[in-house]
Amino acid sequence: MFSANGFILRVLSVKRGWLMAYIELENVTFCYPGQSRPVLRDINLSIYKEGVTAITGANGSGKTTFSKLLIGILTPTKGWIKLNGQLLTSLTLAQIGRRIGYVFQNPGKQLFCETVEEEIAFGVRNLGLGLSTDQVAQKVRMVLDYFELTRYAQVYPLSLSAGEKRRLAIAAVFVLEPDLLLLDEPTTGLDPYRKKLLGDYLDKVIAAKRGVVIISHDQKFISRYATRLIKLQEGQFVEE
Amino acid sequence: MSDLDPRTKIVSILCLSTLAVFLNEPWPLLLLFVFTLLILLFLRINFFRITMRFKKLLPLLLLMLIIQSIFTAGGEVLISFHDINILTSNGINSALCILFRLLTLFSSAMIIMTSSSKDYVLALTQLKIPYEIAFMVLVALRFLPIFIEEIKDTLVAIQLRGVDLQRIPWRHKIKFYTRFLAPLLSRVMLKAHQLAITMEARAFRVYRRRTYLRLLQYSVADYVVMVFFAIATIVVLARDFLY
Ligand SMILES: Nc1ncnc2c1ncn2[C@@H]1O[C@H](COP(=O)(O)OP(=O)(O)OP(=O)(O)O)[C@@H](O)[C@H]1O
Ligand SMILES: [Mg+2]
């Protein structure tokens, strides 16, 4: 089962021997405690710091679970995951967060600051990017502007509308410029114009040689932006 | 015959924990613990889950052995270091008491989980407690895990944005937590508010009298367990207060 995209990518990765897998999964099985049936079974997969990898699958097929494994919130029941050659279990969440930017399926869960502006600045200050106060402020202003959140700068994040919350959650992660973006259904609740804005941003991210993984049911968005498509089915991945 | 009435369960938990607190010799406490385990077995509780929980208590027990030995006078000295008694028979005795007491309390609390929360609301209303109050008790109990879940999510989100919570010193950590308490609380309040709205939307408290789908009924086993517990508790308490 070769599709043009998957095939080209594979040829590319063989041709460029240096293109190492950024995230590597080997025989990963995951089962929620107290449940008998594993959500994910024996998964072997490489994710590259290149292009947009789209993950689809029915409701409850384990996409969100998979993303939580990648970011280290959950640990595999069996098998291992390596990030840039290091075992995920040997890294702290903060170290992983520096490399992978994760936007939750329910973005309200990742907003915890008093104002929108503070929310965006939070990570920039913590990640030790070595920026001066002015540079941080400038960066925050830029991101606020791009995601059209400037007029909400002083607003309490949880009082934003659903779409605005999602934009803020995405902005707060994008501003950190991680190697890989991991977005769990980022287009849900976005209007067509904002979807395009997000897509354009993804294009920029890829141009900067960074990777994106999106989990989505949005066929239109996927077919427009994805370079690799994998489907989660009965606990296993099928490449399309 | 595999299940007891929720009211019986409430009574047994009350009796078991009273007994656990009042008994203070290792053998009767061990007996009480074994008895509690038998009840759990009867109620078909996953035994594995229980033992997993108790494993975490082991280091605590060892610590207790030593502390009790150092601070309880008397008994045979088994190990000593200079003038300090590290291990004494009295120390072992009281440490065992504490262990069995804790085990009994933990495992008796587990009896609660064998009925669904709906059953407890029914039980409380049939004990003539107003439905609103019974329901509120339940919602409060259910909210606890939600609250914990929210805290966990927030902590994960904070860490993912570059804060190494494990590495920052305690003083800063506390400052940190208080800073995020307000947004956290407001999130939980929001949830509570939503719950209130959905409950009203589903006609909570519209009619004075509620009808119930099911009525709870005691079986023979319930009577046996209740009477047994009542007698056991009274005997122990009487012994304690009379002598
Ligand atoms: N915390 C949990 N404890 C136990 N089971 C869980 C937990 N979270 C998810 N599950 C179960 O794991 C399965 C996969 O859930 P997951 O959230 O990963 O699905 P999903 O593919 O993201 O679905 P959706 O498209 O609806 O977002 C589901 O059957 C779900 O019931
Ligand atoms: Mg999901």
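Arg161(B) is buried, with a relative accessible area of 4%. By buried I mean under 20% relative accessible area, while exposed is over 50% and partly exposed is in between, with a 1.4 Å probe and protein chains only. Arg161(B) sits in the loop between helix H7 (131–160) and helix H8 (170–201) of chain B. Helices (H or I, at least four residues) and strands (E, at least two) are DSSP runs, numbered from the N terminus. A polar atom of the Arg161(B) side chain lies 2.7 Å from the backbone oxygen of Glu119(A). That is a polar contact, meaning a pair of N or O atoms within 3.5 Å; within protein, one must be able to donate a hydrogen and the other to accept it, and residues adjacent in sequence count only if both atoms are side-chain atoms.

Some bookkeeping, friends. This is a predicted model, where local features need pLDDT of at least 70 and side-chain atom pairs count only at pLDDT 80 or more, while totals for chains, interfaces and linings use all residues. Residues are numbered from 1 along each chain as its sequence is written, chains are lettered from A and ligands numbered from 1 in the order in which they are written, and side-chain values use heavy atoms, with hydrogens and water left out.

On to ligand 1. Which residues come nearest to ligand 1? Of the 14 around it, they are Gly60(A), Lys63(A), Thr64(A), Thr65(A) and Gln105(A); near means that a heavy atom of the residue lies within 4 Å. The shell divides into three nonpolar, nine polar and two charged residues.

Now for the contacts of ligand 1. An N or O atom in the side chain of Gln35(A) is 3.1 Å from a nitrogen atom of ligand 1. A polar backbone atom of Ser61(A) is 3.3 Å from an oxygen atom of the ligand, and for the side chain of Gln105(A) the distance from an N or O atom to a ligand oxygen is 2.8 Å. On its own, ligand 1 has 640 Å² of accessible area, and the protein covers 61% of that. These areas come from the Shrake-Rupley method with a 1.4 Å probe; for residues, only the protein chains shown count as cover.

Gln105(A) turns up again at the magnesium ion, ligand 2. Its protein donors are Thr64(A) (OG1) and Gln105(A) (OE1), lying 1.9 to 2.3 Å from the ion. Donors are N, O and S atoms within 2.8 Å of the metal (3.2 Å for Na, K and Ca), and water is not among the atoms, so sites may look incomplete. The pair links distant parts of the chain, 41 residues apart: Thr64(A) is in helix H2 (residues 63–70), and Gln105(A) is in the loop between strand E6 (100–103) and helix H4 (116–126) of chain A.

Glu177(A) has a positive phi of about 50 degrees although it is not a glycine, and counts as partly exposed at 45% relative accessibility.

Chain A also has an open sheet of four strands, in the order E2-E1-E4-E5, with antiparallel pairing. Strand E2 (40–47) and strand E5 (86–87) stand at the edges with a single partner strand each, so one side of each is left without a neighbour in the sheet. Inside, five bridges join E1 (residues 23–30) to E4 (residues 78–83), with Glu26(A) opposite Trp80(A).

Finally, back to chain B. Strands E1 (residues 77–81) and E2 (residues 84–88) run antiparallel, joined by four bridges, and Ile79(B) has Leu87(B) as its bridge partner. The two strands form a hairpin with two residues between them, and His82(B) in the turn has a positive phi of about 55 degrees.

Technical notes. Ala, Val, Leu, Ile, Met, Phe, Trp, Tyr, Cys and Pro count as nonpolar, Asp, Glu, Lys and Arg as charged, and the others, Gly among them, as polar. Two strands pair if DSSP finds at least two bridges between them.
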